[in-house]
Amino acid sequence: MSTPVERCPHCGNEEGFYTKDFASGAIRTRYNFDGSEADNTELYSGLRHKMGKKAHCAECDKVVFDMSEYEA
Ligand SMILES: [Zn+2]
């Protein structure tokens, strides 16, 4: 995935960013007991439309861009 910014406009961090949302408790990556990842396709596709994700700077925690806007 490419991003609309190369660094944080607030603090200049180039390390990366993270996303969070208010329903994070419902978001789980599922694994099988043998260590393989379970089929999460439907879970992800269902959530994607509900979330207004914002990308936060990993350093200063400020919003650097809006994921939902960018993906659309
Ligand atoms: Zn920052």
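This is a predicted model: local features need pLDDT of at least 70, side-chain atom pairs count only at pLDDT 80 or more; totals for chains, interfaces and linings use all residues.
Colleague: Which protein atoms are the donors of the zinc ion?

Modeller: The donors are the SG atoms of Cys-8, Cys-11, Cys-57 and Cys-60, lying 2.3 Å from the zinc ion. Along the chain they follow the spacing C-x2-C-x45-C-x2-C. Cys-11 and Cys-60 link distant parts of the chain, 49 residues apart. Cys-11 belongs to the segment before strand S1 (17-20), and Cys-60 to the loop between strand S2 (54-57) and strand S3 (63-66).

Colleague: What arrangement do the four donor atoms make around the zinc ion?

Modeller: Ideal angles at a metal are 109.5 degrees for four tetrahedral donors. Here the donor atoms subtend angles of 105 to 115 degrees, so the arrangement is tetrahedral.

Colleague: How many disulfides does a search of the whole structure find?

Modeller: A disulfide is a covalent bond between the sulfur atoms of two cysteines. The search of the whole structure finds zero.

Colleague: Is Cys-57 buried or exposed?

Modeller: Buried means under 20% relative accessible area. Cys-57 has 1% relative accessibility, so it counts as buried. Cys-11, at 44%, counts as partly exposed. Cys-60 is also partly exposed, with a relative accessible area of 26%.

Colleague: With which side chain does the side chain of Asp-66 make a polar contact?

Modeller: The partner is the side chain of Lys-54, at 2.8 Å. Asp-66 lies in strand S3 and is buried, with a relative accessible area of 17%. Leaving aside neighbours within four places in sequence, Asp-66 is in contact with Lys-53 and Lys-54.

Technical notes: Residues are numbered from 1 along each chain as its sequence is written. Side-chain values use heavy atoms; hydrogens and water are left out. Donors are N, O and S atoms within 2.8 Å of the metal (3.2 Å for Na, K and Ca); water is not among the atoms, so sites may look incomplete. Four donors count as tetrahedral if all angles lie between 85 and 135 degrees; four count as square planar and six as octahedral if opposite donors are over 155 degrees apart and all others between 65 and 115; anything else is irregular. Helices (H or I, at least four residues) and strands (E, at least two) are DSSP runs, numbered from the N terminus. Buried means under 20% relative accessible area, exposed over 50%, partly exposed in between (1.4 Å probe, protein chains only). A disulfide is a pair of cysteine sulfur atoms within 2.5 Å. A polar contact is a pair of N or O atoms within 3.5 Å; within protein, one must be able to donate a hydrogen and the other to accept it, and residues adjacent in sequence count only if both atoms are side-chain atoms. Contact means heavy atoms within 4.5 Å.
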